[in-house]
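Please keep the sequence and the model open while working through the numbered points.

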Amino acid sequence: MTGFLIRRLFGIAVTLLVVCAVTFCIFYLLPNDPAVQFCGKDCPPDRVAEVRQQMGLNAPLIVQFGRYVLAIFAGRTMGSGSYAVQCHFPCFGYSFQSGRPVWDLMMDRLPTSASLAIGAAVIWLLLGLAAGVLSALRKNTWIDRTVMVATIGVAALPVYFTAMILLYVVVVVLGLMPYPRYVAFTDDPFGWVQNLLLPWTTLALTFAAIYARMTRSSVIETLAEPYVRTARAKGLRERRVVGRHGLRPALTPIATMLGMDLGGLLAGALITESLFGLPGVGKLFADSLAKSDQPVVMGITLLASFFIITSNLVVDLVYAWIDPRARVS
Amino acid sequence: MTAPLSTGLSGGAGAAAGDPGAAAPAPDPALDPQAQQTASPWRLAWERLRRRRAALVGAGIIAFFVLAAVFAPVLTAISGTGPDATDKRAIDPYLGGLPRGSAGGMSPQHWLGVEPMLGRDIFARLLYGARISLTVAFSAAVMITVIGVLLGITSGYFGGRIDTVISRFMDVMMSFPSLIFMMALLSVVQNVNRVLLLIVVMSLFTWPYIARVIRGQTMSLKHREYVEAARASGTTSARILFSEILPNLTGTIIVYLTLAIPGLIGAEAGLTYLGVGVRPPTPSWGQMIADSSLYYKVDPMFFVLPCSCLFLMVLAFTLLGDALRDALDPKGSRG
């Protein structure tokens, strides 16, 4: 297990470094001068040169990259002279446009994104697992067929459609609640739930449909295994056969999928956040992109990669812990 | 008690006699085209597919949209308004530029109503938008298939160091947050044909999913007897790949191609909605959705229409893809 862990951690370090390098190249090799970006379109050339010097953009690319990576662990002072700013550990760059370190900007937004992702995951798990298990246990009945037709339909629904219909019906026509705006859980737990209910539902519906289909096929497959037959032959009650021998192994792939999806959503629910105007990491990304705030864009790209890679690792570790065969490969 | 047993036996004997390999009087398959056709796996797949209503519905919807996109100039000539023409008479300046009349301004002049403010014809824009959405999705699908199949087949067949390099590369590509990376790339690159750029960027991040499947299938196919036989008789690797292995992957490729398209249509709409895809004067469904989201309270018809098109298209490809998967059975149990 230790060897497996070390191998995986090493692999992750390499992958993160590659992602970091690629991101860095995208933003610094392509014809978008960060100095001009910073200084504005009508900036005089000598001023641009000055900014370049202060931002350390005249150094070779590899040196700039080295500084960037080092700063993540050690922090750094950005720029020099009268424009010097302190960027503390972990330094993911400094947004000159908003005058704050990228890390602080991201951490301000992360609770919103985490609230959205986790709340939605609870809803889609409840819906998806219930529908999937029900469908599998009632295989080839009208219940199964109805659930499966519904999942195909719901999975094809574009999020904009779900969001707009929910907003139109719940907020505009029925007037059940005001237009959602984010309230921190620590400030007002009830308001937090109320305001996130529509974004959660929007995000959860598609996933619920996919999870229902996955759960169904996984449960059907497991219930056909010889050990389930053995359990039945031993005279165990059907409840126990399904609950103990059928569901537990069937849900392992679902747990894997959940880990990956959550990792992807922590910084990746851009459309849902934009649709509802939620101040999450995804919204910050979209806004920063619109105003060409490159350090922020780059920081979020790295953060998102980090979430995806880490969730991959967590999933693999959980898997290796459950199933020793996975440790070898 | 004995009667069913004996009929069972005679039935078994009859079946054995009908087997052309076992009995001499069986008709020669080469002389009987009918028998040959029923034996073809493609024929069997087609028969299975034809019996699925979902597949027919899916194919019907796809055909409808493809024809609508292809004949967009003809159809807009009939309806009388092009995609860029603005009609100031169709909107009400005293109501903040909302369309006149009910249901988003549907009228004999504008079959599906007009956009608020500009008064552009929604029917025409949907048709021309379908052109963009479908072009992007189909081209990207072809591209990811070509890249994915080439790399997957190479990686799976040769194994060893080549496999390690390609697999690592795929792992890295898949650990990129694709939406965020696509947005970053699309926003950084300027002065390039947006449609082309969109196709390239979307393909760049989607090919590993198909490559992984192809790699796995190739790894199992390369140990089949006919591949071993070809190798033993001195056939070159390239020839084995393209004439022994690739034909056996066709079913899988068709299925994954079909199932990739709804994701690509959705991605194009999403990227355009987020403002980095197709740029405003060009009509596209994502663009229309982005515009309409501002008016969802006062002109719900405007967002219902492009969203419905997107929904139908994604649904159609999912239905067809699912049915194709069942019919072609890419898990390889066909043998």
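**Note on the two-chain model**

1. Chain B has 335 residues, and 41% of them are buried. The structure is a predicted model, and every remark below should be read with this in mind. Chain B holds 13 helices and two strands. When contacts in chain B between residues at least 6 apart in sequence are considered, 69% of them join residues at least 24 apart.

2. The next point concerns the division of chain A. Its domain assignment gives domain 1, covering 2–87, and domain 2, covering 102–326. The centres of domain 1 and domain 2 of chain A, taken over C-alpha atoms, are separated by 34 Å. Eleven residues from domain 1 of chain A and eleven residues from domain 2 of chain A take part in the contact. On the side of domain 1 of chain A that touches domain 2 of chain A, the elements giving two or more residues are α1 (2–29) and α2 (34–39) of chain A. Of these, α1(A) gives the most, with nine residues. By class, the residues on this side of domain 1 of chain A are seven nonpolar, three polar and one charged.

3. How many residues of chain A are in contact with chain B? The contact joins 38 residues of chain A to 32 residues of chain B. On the chain A side, two or more residues each come from α1, α6, α7 (159–173), α12 (270–276), α13 (281–290) and α14 (294–322) of chain A. The element that gives the most is α14(A), with eight residues. The side of chain A that touches chain B has 29 nonpolar and nine polar residues, and no charged residues.

4. In α10(A), the buried residues are A:Val241, A:Val242, A:His245, A:Gly246, A:Leu247 and A:Ala250. The elements that cover these buried residues include α5, α8 and α9 (226–233) of chain A.

5. The largest nonpolar core has 150 residues. Those with the most contacts inside this core are A:Phe285, A:Ile300, B:Met183, B:Leu264 and B:Ile289. Helix α6 of chain B (residues 122–158) contributes the largest share of the core, 18 residues. The core lies between domain 1 (2–87) and domain 2 (102–326) of chain A, because both give residues to it. Leaving aside neighbours within four places in sequence, A:Phe285 is in contact with A:Leu270, A:Val297, A:Ile300 and B:Ile180.

6. Most residues other than glycine have a negative phi. The phi of A:Asn140, however, is near 65°, a positive value in a residue other than glycine. A:Asn140 is found in the loop between α5 and α6 of chain A. Is A:Asn140 buried or exposed? A:Asn140 counts as exposed, because 8 other C-beta atoms lie within 10 Å and the limit for an exposed residue is 12 or fewer.

7. Two further residues may be located in the model. A:Ile6 is in helix α1 of chain A and counts as exposed, with 10 C-beta neighbours inside 10 Å. A:Ile6 and A:Met214 are 208 residues apart in sequence, and their C-alpha atoms are 32 Å apart in space. In chain B, B:Asp84 is found in the loop between α5 (72–79) and β1 (91–92). B:Asp84 counts as partly exposed, with 14 C-beta neighbours inside 10 Å. The C-alpha atoms of B:Asp84 and B:Glu115 are separated by 11 Å, and the two residues are 31 residues apart along the chain.

Note on methods. Residues numbered from 1 in each chain as written. Chains lettered and ligands numbered in written order. Predicted model: local features only at pLDDT ≥ 70, side-chain atom pairs only at ≥ 80, totals over all residues. Helix = DSSP H or I, 4+ residues; strand = E, 2+ residues; numbered from the N terminus. Buried ≥ 20, exposed ≤ 12 C-beta atoms within 10 Å, placed from the backbone. Contact = placed C-beta atoms within 7 Å. Domains from an automatic or database assignment. Nonpolar A, V, L, I, M, F, W, Y, C, P; charged D, E, K, R; others polar. Core = buried A, V, L, I, M, F, W, Y, C linked by C-beta atoms within 7 Å.
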